Amino acid sequence: MVVRLVNMSAIALAYGEPVAQRLRVDLASKAAAMADVLGAAAWSGEDLEMVIADADGFREKLDCVGANDLVLAHEVERRLRGRFFADQNQEVIPCLVTIARDIESEDDADEVLDAARRLAFTRQPDIPDLSRDRQAVAQYRRDMAAAVLAVELAANGGLALLWQPVASLDRSADEDEVLYWEGLTRLVDSNGQMCLPSSFIPALERLGLVRVLDAYNVSQTLSRLERDPSLTLGCNISAQSVLLDGWWAEIISRLQSDRTLAQRLVLEITESASFPGISLAVDFVDHFRRLGCRIAIDDFGVGHAAFRYIAALQPDIVKIDALFLRRAASGDSAQDHAAFKYLVGLAGSYAAVVVVEGIEHEAAAAVARDAGAIWGQGYHFGQPSRCLIGRQMPTTPLMPPVSARGGFGQGDLLRAI
């Protein structure tokens with residue numbers, strides 16, 4: 001098993017080399033405790049390597065009997081992550097990539113380990129280079145503070161999804177005219193105050209940690225689908241999370257157990273961060289599509305992905321960023337109207353369903369219809385709400401004040417970010 005500490009250098013630059021070394025010792029100690037008499041753990045550069053003599057015994061010890069390599073790697077990573085404090089006030093989240101592979105014989109050991117190291121390297125997210133920029137160091141520390149609070153809240157009931165309909169442009173958003181409902185992520189602090197995703201998603205993406213929140217989002221969406229078989233729901237995930245790793249193991253297991261859930265789930269890939277790579281993204285999309293999910297590309301026209309990604313992923317739904325509709329609807333510029341109509345047609349050449357975002361009023365809906373669009377999303381059809389189809393959503397229970405659990409006090413998320 002190879003566990004790569006992706007942000008070791010960044011932590012050393014942002015918090016000092018002694019902090020990075022303490023983190024290495026902490027991770028090695030946890031790994032050795034897991035391996036126990038069944039194996040050994042040692043650092044090799046940025047990789048913590050665990051060689052286990054009794055794979056079946058190791059799986060049994062971790063309660064992973066029968067689990068595949070992804071599930072086993074995720075369980076190891078979850079146990080390693082834990083909580084680590086750079087100092088009394090600042091917690092640090094290690095960014096880990098874990099690869100598990102079987103070694104059939106001693107002769108194969110070096111080759112298998114080398115292959116695992118290469119795979120860990122290719123799967124690591126891009127994180128900022130702090131070596132030449134003092135401002136980047138300060139930004140990294142701010143991002144880490146926001147990420148710690150966001151993960152803490154999400155893990156303790158502070159994640160809320162507000163629902164907004166994707167509806168027909170020809171009629172009002174009554175029940176029969178809604179294609180699906182998109183869940184918009186909010187974090188709720190212990191005062192009940194909601195934070196917009198722009199307050200925490202960019203920080204998580206810059207740190208390579210957004211997959212943690214994405215897993216919570218999709219899991220909560222599946223729970224909502226389980227409670228109401230009549231719904232079709234969409235859930236946002238970052239392009240950075242579009243690779244098959246252990247964080248998706250529990251989600252995949254639930255979808256395999258009940259294929260009707262997958263048929264009512266739309267995974268919306270947002271392009272505010274870059275994809276990990278074409279082949280990894282294609283494998284991810286193909287896997288979830290085989291389970292029955294539909295794939296949407298969000299923010300078409302302004303995201304990181306080039307058209308080659310859109311062509312490779314072959315999404316079921318393409319959502320055009322609201323920027324282009326605003327330009328087309330705000331004036332009489334023939335160029336803006338032509339560009340918007342062209343973009344609608346271009347999106348339609350890649351996907352069977354095109355959704356225009358940012359429909360705030362009937363005039364905007366008319367512009368979208370004139371461009372050939374059929375579906376839209378925006379305040380014209382409904383504001384993001386806990387209500388679905390006129391019914392009140394169950395209120396997400398707020399966790400007890402974070403300070404009561406020995407963490408941060410009320411309102412700290414809003415103040416930190």
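Buried means under 20% relative accessible area, exposed over 50% and partly exposed in between, with a 1.4 Å probe and protein chains only. The model is predicted, so that local features need pLDDT of at least 70 and side-chain atom pairs count only at pLDDT 80 or more, while totals for chains, interfaces and linings use all residues. Residues are numbered from 1 along each chain as its sequence is written, and side-chain values use heavy atoms, with hydrogens and water left out.

**View 1. The aromatic pair of Phe275 and Tyr309.** A search of the whole structure finds 4 aromatic pairs, where rings of Phe, Tyr and Trp (its six-membered ring) pair if their centres lie within 6.5 Å, and planes under 30 degrees apart count as stacked, over 60 as edge-to-face and the rest as tilted. One of them, Phe275 with Tyr309, is stacked, at 4.8 Å centre to centre and 15 degrees between the planes. Because Phe275 lies in the loop between strand E11 (265-270) and helix H11 (278-291), and Tyr309 in helix H12 (residues 307-313), the pair ties together parts that are 34 residues apart in sequence; helices (H or I, at least four residues) and strands (E, at least two) are DSSP runs, numbered from the N terminus. Both Phe275 and Tyr309 are buried.

**View 2. Phe284 and Phe288 in helix H11.** The ring centres of Phe284 and Phe288 are 4.6 Å apart and their planes stand at 35 degrees, so the pair is tilted. The two residues are 4 residues apart in helix H11, about one turn of the helix. Phe284 is buried, with a relative accessible area of 0%, and Phe288 is buried as well, at 1%. Together with Trp248, Phe284 and Phe288 form one aromatic cluster.
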